[in-house]
Amino acid sequence: MTEARISPNAFWGPLDPSADAGYDDDRPKRKGFFTDTSICIGCKACEVACKEWNDVPSDHFDMTGTSYDNSHSLNANQWRHVAFIEQPVRPKQTVDLGMPGRAPAYVPGLPATGADPDPVGAGAPAPIDTSDLLGSMLAEAPGSDGGSASADSMDFRWLMSSDVCKHCTHAACLDVCPTGSLMRSEFGTVVVQDDICNGCGYCVAACPYGVIERRRGPDGHKNVGIAQKCTLCYDRLTAGQTPACAQSCPTQSIQFGDVEELRERAEARVAKLHEAGVMDARLYGNDPNDGVGGTGAFFLLLDEPEVYGFPPDPVVTTKDLPEMARKAATAAGVLLLGAAVSFLGRKP
Amino acid sequence: MTGVGRDGQQSSTPQTEAPTDQTDSASALRHPTGGSDRLRRGGGRGRGRKGKVESVVPEAEFTSYYGRPIVKPSPWEHDIPAYLFAGGVAAGSSLLAAGADLTDRPSMRRSGRLGAIAALTFSMVALVHDLGKPSRFLNMLRVAKPTSPMSVGTWILSFYGPFAGAAAASEVLSMLPGERKGVLRLAEVAGRPAGVVAAVAAPAVASYTAVLLSDTATPSWHEAFRELPFVFVGSAAAASGGLAMVTSPVAETGPARRLAAGGALLELVMEQRMERSMGVTAEPLHHGHAGTLMKAAKALTAAGAVGTLLGGRSRAVAALSGAAMMAGSACLRFGVFEAGQESAKDPKYVVVPQRQRLAEHGPTRFPA
């Protein structure tokens, strides 16, 4: 792949990544994931399916001691990672509008009045939408009139989220790779070519999400010393199949498809959750104008990104690369000039 | 540790709560011990913008996934900062060697040419050793990628190396007794042009390494991108001048002393500016092992520069000062390297600067 053509948004900004990489007009549409964490049940089927399909070794499993997370992070041997966040209920807010069983602030805004836009749930203590039961349950506050559990047993909530490589529009790992091992596929995804990677590790430091890593072990396994991460099941995509994680997800928390269509689906979903009173629902990574040009794998979150281990406002490092190059060139000039000047003057 | 994230959700929280007297007690409780002043200063402008939450909670407060790192530290080991140091020595030595050659300073020319090739050889060994698959070193040469500082650096070294090597070979030939004929004579004569070409390429060898570190998501490396190239070329000048002062008689090393002292000054000044522009991410430069190294770097470089300026004409003082500046340069490279590694291991250095940016400018969006 040649790097000869440099588009105006080469370093950051909205871009069709596979077109930018030089694929023809008959390329497939950009593929990605929409991970709706509001309906993740933390079953880890995605982690298992990923390991099985991609032959990712299952090493260093142990409990972290902080939550039910036993796979720690995304890394060379963990291409999907389910985060488990156990959140205590905050102390009661001082502002109480006098509603009976007011929800804690993080699941706020149960429709208190009769202005429930959902006809099915009209008049009910919590909106019940039978077409989207899991979503409705989210809005059903613990300890509210509609809740079945006692306040004691429900003084916390779980956030579960299946994390994965973001397949950024502007992928720092790909940009800094000195061998061309990391490449853009025709599906707009970012893939490591195992037989080209020389294990320099530059991509590891470049990823703003801490996804890619050099495989350290287990000894004897393939690709030790090579950078490894999610390929969006490149092999399955070429055969028209759904990636293993999305295929195995029992709640459709992980949705696979064309990025453009997934973005619309995500917008609709977040609007629906807002309508149901889950005002904390927000999308992460779906905006093509953001610091990485939007991600191919984006998320619906129920709290701030950093709660899930995401950077709150990631920016691809190459955004500053032209400036870095200018500074380095100036500094080189200063050194050359300084050396020349130091030889001026008479010899003793 | 989960408090702030939810507090931050303005949309769902009524804004009627007055911050007033809560502020001080909350600050006192939540404020971490180390570096809090820097934090408060660093984020001062952003305070209050987001309403009550920002005014109650100091900037040091941040949320994370159980304190786990967000970005990954590079898998690089100590041969990378050693490479940075050696690359700087090689680059400066080539400059001094070419200058010495053109101004008839044979001893400094010799030390420069041989020092450059020795440092370069060490660099290449360190680089290859660091690869996860050293056998695939040549894969680096299958592409030339302007977006990859490592690729650009590989090509810079591939250009610089042969000329530095030719200059060194010429130097070795000239040390042999007797006259040379044919190809060997040609190789000996080629020393000067080769040395000049190496000297012209050398500054890029010294400065690209700053971009190599900065073009990453490692907070303390990336945030240093404005000043780091100047710090690194200053360090290269100080170290290579120092090497010449150690190896050559004072009668010849006037230019080396000027270059070293100037480089030391540039390094010290730009390092200060760098720390000011880095905000919170300057913190790792002051903590732990990296902090010790940075302190040592400043002390050694400053002492070496003062010694050079005051007693550079004495052989003993010059040698001692030169050695101090070399050691200072090495400490600086190791200090910057380790500070970056530490900054990647602590989610604070990812979250806090991004939150400050969000509070001041809103989310990063491509200008329409």
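Here are some notes on this predicted model, taken point by point.

1. **Ground rules.** This is a predicted model, so local features need pLDDT of at least 70 and side-chain atom pairs count only at pLDDT 80 or more, while totals for chains, interfaces and linings use all residues. Residues are numbered from 1 along each chain as its sequence is written, chains are lettered from A and ligands numbered from 1 in the order in which they are written, and side-chain values use heavy atoms, with hydrogens and water left out.

2. **Chain A overall.** Start with the secondary structure: chain A has nine helices and ten strands. Helices (H or I, at least four residues) and strands (E, at least two) are DSSP runs, numbered from the N terminus. Of the 348 residues in chain A, 59% are buried. Buried means under 20% relative accessible area, exposed means over 50%, and partly exposed is in between (1.4 Å probe, protein chains only). Among contacts in chain A with a separation of 6 or more, 65% are between residues 24 or more positions apart. A contact here means heavy atoms within 4.5 Å.

3. The UniProt record, an unreviewed entry, puts a "binding site" at A:C177, A:C197, A:C200 and A:C203. These are spread over 27 residues of sequence, yet they cluster in space, with a largest C-alpha distance of 10.5 Å. Keep in mind that UniProt positions are given in the numbering used here, feature names are shortened, and annotations may be inferred rather than shown by experiment.

4. **A closer look at two of them.** A:C197 is in the loop between β5 (190-192) and α5 (202-206) of chain A, and A:C200 is in the loop between β5 and α5 as well. A:C197 counts as buried because its relative accessibility is 7%. A:C200 also has 7% relative accessibility, so it counts as buried. Leaving aside neighbours within four places in sequence, A:C197 has contacts that include A:T179, A:V192 and B:R136. With residues up to four places away again not counted, A:C200 touches several residues of chain B, including B:W76, B:D130 and B:M150.

5. A:C165 is buried because its relative accessibility is 7%, and A:C168 is buried because its value is 8%. Beyond neighbours within four places in sequence, A:C165 is in contact with residues including A:W79 and A:C230, and A:C168 with residues including A:R30 and A:Y209.

6. A salt bridge is a side-chain nitrogen of Lys or Arg within 4 Å of a carboxyl oxygen of Asp or Glu. One network of them links B:D101, B:R109, B:R110, B:R113, B:E171 and B:R192. In it, B:R113 pairs with B:E171, the closest N and O atoms being 3.0 Å apart. That pair links helix α6 of chain B to helix α7 of chain B, 58 residues apart, and both B:R113 and B:E171 are buried. B:E171 also pairs with B:R110, at 3.1 Å between the closest N and O atoms. B:R110 counts as partly exposed because its relative accessibility is 33%.

7. **The nonpolar core.** The largest nonpolar core has 140 residues, and those with the most contacts inside it are A:F33, A:L182, B:Y160, B:L228 and B:F232. Helix α5 (residues 79-102) of chain B gives the most to this core, with twelve residues. Such a core is a set of buried Ala, Val, Leu, Ile, Met, Phe, Trp, Tyr and Cys residues joined through side-chain atoms within 4.5 Å.
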